[in-house]
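The topics are grouped below for reference alongside the coordinates.

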Amino acid sequence: IGEPRSDSGLALLDDSRPPFDPLVPLLPDEVCWIIDRAYSCEMAWHGGYTLSQTVIWFLYVHALPDIDPDTISRSHHHDPDRTRPVELVSVVLGASVLGLLKCCDLVWRELVKGNVYDCEDWQSDKCDVPMSEAYPVSRILDILDEALRSTWRTALSHRLVLRKATLVELFSALLSKDYFRFRPLIETARVMLQHVRASPPPPPRPCSPAPRASDPQFPRVLVSAIPLHPIQLPEQSKVWDTLAGLLDSLEQLSILIEIPDLSTWDVVGALRSWRPQPHQSLAYVRSAFQVSIYENGIILNKYLQKHAVDCFLMEALQIPYDSFISSFQTRWVGPDSSPLRHIERTIAELLVCRIKSHWYNPPRRRRYCMKSLFGWHELYATLTDVQKHLAPVVSGVQSGTDVVARLRPVVLTRRLETISDIVLSGFQLSLYSVNERPLAYWYLARVLEQHLTCLD
């Protein structure tokens, strides 16, 4: 207590900075610049910074009651300067700020599901600042529609449509799992983003009030658990690149969700893990993919647990799960009940969690792979024990194929794949010292030799 670096209540705001007046008249270009600045704050939060370092230092977030068009006095509505009408602030900028906060609220609701980790993948602390939680999405869309009707500048319209028809609706559709709505919204977003990129607003003049809309020192007066230093927001071109990457990732999700084959998801996820694309590893995107893969006992938003086992057997043995069940039950002669349900549950859990792990952060994925090794080993041991309690196959009939004997090397192959992933992830995370690398390469070579033997 009393130390400025650890007591956020001690350090006051900079008195030398001109006071912020939310109702100061602005030019259309200045409003465009402020809206673009708000997008920078939003994408910085997506990138892992806290809300207090990004969105919350945007001062119009705290001035929404002051710029509400229903509460502004009539003197502001009769301002003689027609180049700076008050509606640009009260209607257009106010709607954009509400849309920004609602987007943050929708993203926060997705991230808080637990598929990504607070303080590891993202920052959840709102510092007791409301994020338009009480506003339904339909009300936000109506406010943005009203702002679109009030503006006469094309540049402003592009930014409002980008906020309304894409981010608010797109994030809302993701939260409700309406994946069929993604593609038209993403196409609209790309068109608007292209227009926004093509017409950047000029930098504000030294005497302009637009730069006062954000104050990096404002988090000092917030309720915060940790002291935070001001950050430098990324260049605007990088902000639009991040937004474009977000749209590309959600488009990929809308395509994959229509593919029931889990092996396709596995391949796409493995490529993403080892060859990550720029701006496509945001925590929000990774959470969205994990939710679509498995949530509340449902796989790919419509299948039950049996679907994972069916995909696994079709890929490995080219037989449907029903045929595997029939062959297994026909040959079972063990003294106890059949362990078929345990095998089904284990395969489904290992396969689904493996696919989800491709969208973990790299250290978290490495830890999961190490834990899953025991699951694959236990499954292999179970199948080995089951083999001793099965009647010999009868040649010349449909059930004459020993499916359990064929399944064991497949499970062993998955176990060896997991070991390879663990060793390679050590290189990815730079965990090995110079002296440890030769041993890691030697061990990886031995694992790959065993893997090739299983495939043969």
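Arg366 lies in helix H13 (residues 362-387), helices being DSSP runs of H or I with at least four residues, numbered from the N terminus. Arg366 is buried yet has no salt bridge; buried means under 20% relative accessible area, exposed over 50% and partly exposed in between, with a 1.4 Å probe and protein chains only. The model is predicted, so local features need pLDDT of at least 70 and side-chain atom pairs count only at pLDDT 80 or more, whereas totals for chains, interfaces and linings use all residues. Residues are numbered from 1 along each chain as its sequence is written, and side-chain values use heavy atoms, with hydrogens and water left out.

**Surroundings of Arg366**

- The nearest side chain of opposite charge to Arg366 is Glu436, 8.9 Å away; Lys and Arg count as positive and Asp and Glu as negative, while His and the chain ends are not counted.
- Leaving aside residues up to four places away in sequence, Arg366 touches Ile422, Ser425, Gly426, Leu429, Leu431 and Tyr432, where contact means heavy atoms within 4.5 Å.

**Salt bridges**

- The whole structure contains 31 salt bridges, each defined as a side-chain nitrogen of Lys or Arg within 4 Å of a carboxyl oxygen of Asp or Glu.
- One of them joins Glu120 and Arg364, with an N to O distance of 2.6 Å.
- This pair links distant parts of the chain, since Glu120 is in the loop between H3 and H4 and Arg364 is in helix H13, 244 residues apart.
- Glu120 is partly exposed, at a relative accessible area of 37%.
- Glu315 and Arg414 form another salt bridge, their closest N and O atoms being 3.3 Å apart.
- Because Glu315 lies in helix H10 (residues 305-317) and Arg414 in helix H14 (residues 403-428), this pair ties together parts that are 99 residues apart in sequence.
- Glu315 is partly exposed at 42% relative accessibility, whereas Arg414 is buried at 7%.
- Arg414 also meets Glu417 in a salt bridge of 4.0 Å, N to O.
- Glu417 and Arg414 are three residues apart in helix H14, so about one helical turn separates them.
- Glu417 has a relative accessible area of 22% and is therefore partly exposed.
- Through shared partners, salt bridges join Asp266, Glu315, Arg354, Arg365, Arg414, Glu417 and Asp421 into one network.

**Aromatic pairs**

- The structure holds 15 aromatic pairs; rings of Phe, Tyr and Trp (its six-membered ring) pair if their centres lie within 6.5 Å, and planes under 30 degrees apart count as stacked, over 60 as edge-to-face and the rest as tilted.
- Phe58 and Tyr60 form a tilted pair, at 6.0 Å centre to centre and 50 degrees between the planes, and both residues are buried.
- The pair of Phe324 and Phe328 is tilted because the ring centres are 6.0 Å apart and the planes stand at 35 degrees.
- Phe324 and Phe328 are four residues apart in helix H11 (residues 321-331), so about one helical turn separates them.
- Phe324 is buried at a relative accessible area of 2%, and Phe328 is buried at 1%.
- Tyr321, Phe324, Phe328 and Trp332 are linked by ring pairs into a cluster.

**Helix H4**

- Helix H4 (residues 137-150) has 14 residues and reaches 20 Å from its first C-alpha to its last, close to the expected 20 Å, which is 1.5 Å times one less than the number of residues.
- Val137, Ile140, Leu141, Ile143, Leu144 and Ala147 of H4 are buried.
- These residues are on the same side of H4 because they cover an arc of only 160 degrees around the axis, the arc being that of the directions from the helix axis to the C-beta atoms.
- The buried residues of H4 pack against helix H3 (87-111) and helix H5 (154-175).

Note on methods. Helix = DSSP H or I, 4+ residues; strand = E, 2+ residues; numbered from the N terminus.
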